[in-house]
Amino acid sequence: PERIDTAGWTGDGGTSDGERVKILANVGAAADTTAAVSAGAEGVGLFRTEFCYLAAQDEPDVATQRAAYAEVLEPFAGKPVVVRTLDAGADKPLGFLDTGAEPNPALGVRGLRVAFDRPDVLDRQLEAIAAAADDSGAEVSVMAPMVATPEEAAWFTERARTAGIARAGVMVEVPAAALIAAELFEVVDFVSVGTNDLAQYVFAADRQLGALAELNDPWQPALLRLIAMIGRAGAETGKPVGVCGEAAADPLLGRVLVGLGVRSLSMVATAVPAVGSALAGASLRTCERAARDALAASDVATAKAAARAAFE
Ligand code: PEP
Ligand code: MG
């Protein structure tokens, strides 16, 4: 593997020729923020709020939610934090949002779909997030999980604005959302690609099954081509595209994603210095060349080798 010198990482993300790329951390609870801050993350690109309530049997009231969110937001006063609304269902069932028995939970009522039946729960969460944003001084935006259509995205952003949250976006983790990205951008302020679920749904391969890990590899050219489509739609509309799935934690793939038009990478805190340093040592042109060559590959090994060669 490539050796990356992380000693000079300052926390100002971008390429060697000055293209700005935010290097952010994924957090699930207040304990994760310490690691994110000490790793030099510029903010949070994905706050998985459902992690706060995996053991809760009853819906926490607005005051309880406000306190929990404020605790995570406070270390990031003045910095960007993307708060994802509850991504319940499938691999993360919540006791107070029972979606009933489903034959295929990953294809069932999960993420934002839960909120269509229970908009009151979403509205209370948005109210708590807006209040916690004021408490903390963080630059908060909200983001919905498992969005499939522009109509769903519009429904969500409307509710976020009604709650007084200025910036609202959606995750792109359903292939339909990627295919219709241009229209999604008409109703959202930003998107963030969830490569974990996007890979699962593109390859029809359960992300929890180790036996299917080769299909769930974020270097799969089919997945890269879909991300390229989203990157192009973002560039055309001038709205930001981020990645917050595991793909962003790979220093080589992170540079390829920037070459595909991604302008924020959000990852597990421990990966922040390596991804930030790798990007700081690469020009945007080289990232774009690596992306072009990886896109032209038809398998994982060739895509990786092509990207590696671009940086040699
Ligand atoms: C993803 O799907 O890539 C993602 C970031 O969300 P989660 O892993 O929480 O489903
Ligand atoms: Mg997901």
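Which residue in strand 6 is the bridge partner of valine 172? It is valine 193, and some notes on the rest follow.

1. Ground rules. This is a predicted model, in which local features need pLDDT of at least 70, side-chain atom pairs count only at pLDDT 80 or more, and totals for chains, interfaces and linings use all residues. Residues are numbered from 1 along each chain as its sequence is written, while chains are lettered from A and ligands numbered from 1 in the order in which they are written.

2. Eight strands form a closed barrel in the order 1-2-3-4-5-6-7-8, with parallel pairing. From one strand to the next, the twist averages 25 degrees. Strands here are DSSP runs of E with at least two residues, helices are runs of H or I with at least four, and both are numbered from the N terminus. Two strands pair if DSSP finds at least two bridges between them.

3. Strands 5 to 7. Strand 5 (residues 167-172) pairs with strand 6 (residues 190-193) in the parallel sense over four bridges. Strand 6 in turn pairs with strand 7 (residues 241-243), again parallel, over three bridges. Valine 191 is worth a look: valine 170 stands opposite it, and valine 191 also stands opposite valine 241 in strand 7.

4. Helix 5 on the strands. Helix 5 (residues 150-162) lies across strand 4 (139-144) and strand 5, and runs at about 150 degrees to strand 5. Angles go from 0 to 180 degrees between N-to-C directions, and axes are lines fitted to C-alpha atoms, for helices over the stretch in contact.

5. Ala, Val, Leu, Ile, Met, Phe, Trp, Tyr, Cys and Pro are the nonpolar ones, Asp, Glu, Lys and Arg the charged ones, and the others, Gly among them, are polar.

6. Helices 2 and 4. Helix 2 (residues 62-73) packs on helix 4 (residues 119-136) at about 45 degrees, with the axes 8 Å apart. The two are therefore oblique to each other; under 35 degrees would count as roughly parallel, over 145 as roughly antiparallel, 65 to 115 as roughly perpendicular, and the rest is oblique. Among the contact residues are Tyr69 and Leu73 of helix 2 and Ala128 and Ala132 of helix 4, contact being C-beta atoms, placed from the backbone, within 7 Å. By class, this contact has nine nonpolar, three polar and four charged residues.

7. Helices 12 and 13. The axes of helix 12 (residues 284-295) and helix 13 (residues 300-310) come within 8 Å and cross at roughly 155 degrees. Helix 12 and helix 13 are therefore roughly antiparallel. The contact is made by Thr286, Arg289, Ala290, Asp293 and Ala294 of helix 12 with Ala303, Ala306, Ala307 and Ala310 of helix 13. Six of these are nonpolar, one is polar and two are charged.

Note on methods:
Two residues are in contact if their C-beta atoms, placed from the backbone, lie within 7 Å.
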